[in-house]
Amino acid sequence: IVGEYLLNDSDFKYNLKGIVLADTIKKIDRYAFYNLDNLKFVVLGSNVESIGYGAFQECYQLEKINIPASVEFIGNYAFSSDYSVKMYLENDSINSNWEYNWMVNTNQNVIYGVKWEISDDGLITFNDNANNKYVIGYIGEKCYYTIPSDVYGITSYSFVDRKLTKVVVPENVQVVNECAFYDCPKMIICLVAENTPQRWNY
């Protein structure tokens, strides 16, 4: 269980940009991650069953979170202030047991039928309906990282680690969203392609 107000009284909350929960966690209590000012992404373990009332409320900069198929209950206002968050649901529909006001603006911000995968070196990816692979985040420990050649796109806030100094981007990457490389002041981006693709906005 992740308890109530886990980081609310900690200075650490102001620097936290990503959360990765282990597969052993089954319950996220109410207000567990309330008001984390700079949180950008959350990776939920594959066995989470319950997300409590207001669990991620007032995480205003939260951009993306996965909802595994194991989640049977989400309480009201779990994401009530997270206006820009994208919810990647592993299932193809919203569970009828989730409370009515579990988040804001479900029509625009929910992406169905998507399962996040985490590689051994910490790269988080998913495949879209056209089977194009996108990077959703990076939780590895390397300072130098080469993106796999089968990656098609890199989403916003995928790389938010200040330790990264060099990232090699293969020529197959066609899409890079805004702020894909965020708060990485020492990073050098090395492009294998001769020209930057048109759909890059990093």
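The legends below accompany views of a predicted model, going from the whole chain to one pair of strands.

**View 1. Overall dimensions of the predicted chain.** Along its principal axes, the C-alpha trace of the chain spans about 50 × 40 × 30 Å. The radius of gyration of the chain is 17 Å, and this agrees with the value near 17 Å that a compact globule would have with 202 residues.

View 2. Among the contacts in the chain with a separation of 6 or more, 33% are between residues 24 or more positions apart.

**View 3. An open sheet of three strands.** The strands of this sheet follow the order β12-β14-β16, and their pairing is parallel. Strands β12 (144–146) and β16 (188–191) form the edges, each of them pairing on one side only. On average, and with direction ignored, neighbouring strands of the sheet are turned by 15 degrees against each other.

**View 4. The pairing of β14 with β16.** Strand β14, which covers residues 166–169, runs parallel to β16 and is joined to β16 by four bridges. Valine 168 has cysteine 190 as its bridge partner in β16, while β16 itself is one of the edge strands of the sheet.

How values were computed:
Residues are numbered from 1 along each chain as its sequence is written. This is a predicted model: local features need pLDDT of at least 70, side-chain atom pairs count only at pLDDT 80 or more; totals for chains, interfaces and linings use all residues. Side-chain values use heavy atoms; hydrogens and water are left out. Two strands pair if DSSP finds at least two bridges between them. Helices (H or I, at least four residues) and strands (E, at least two) are DSSP runs, numbered from the N terminus. Axes are lines fitted to C-alpha atoms, for helices over the stretch in contact, and angles run from 0 to 180 degrees between N-to-C directions. The radius of gyration is taken over C-alpha atoms; the globule rule is 2.2 Å times the number of residues to the power 0.38. Contact means heavy atoms within 4.5 Å.
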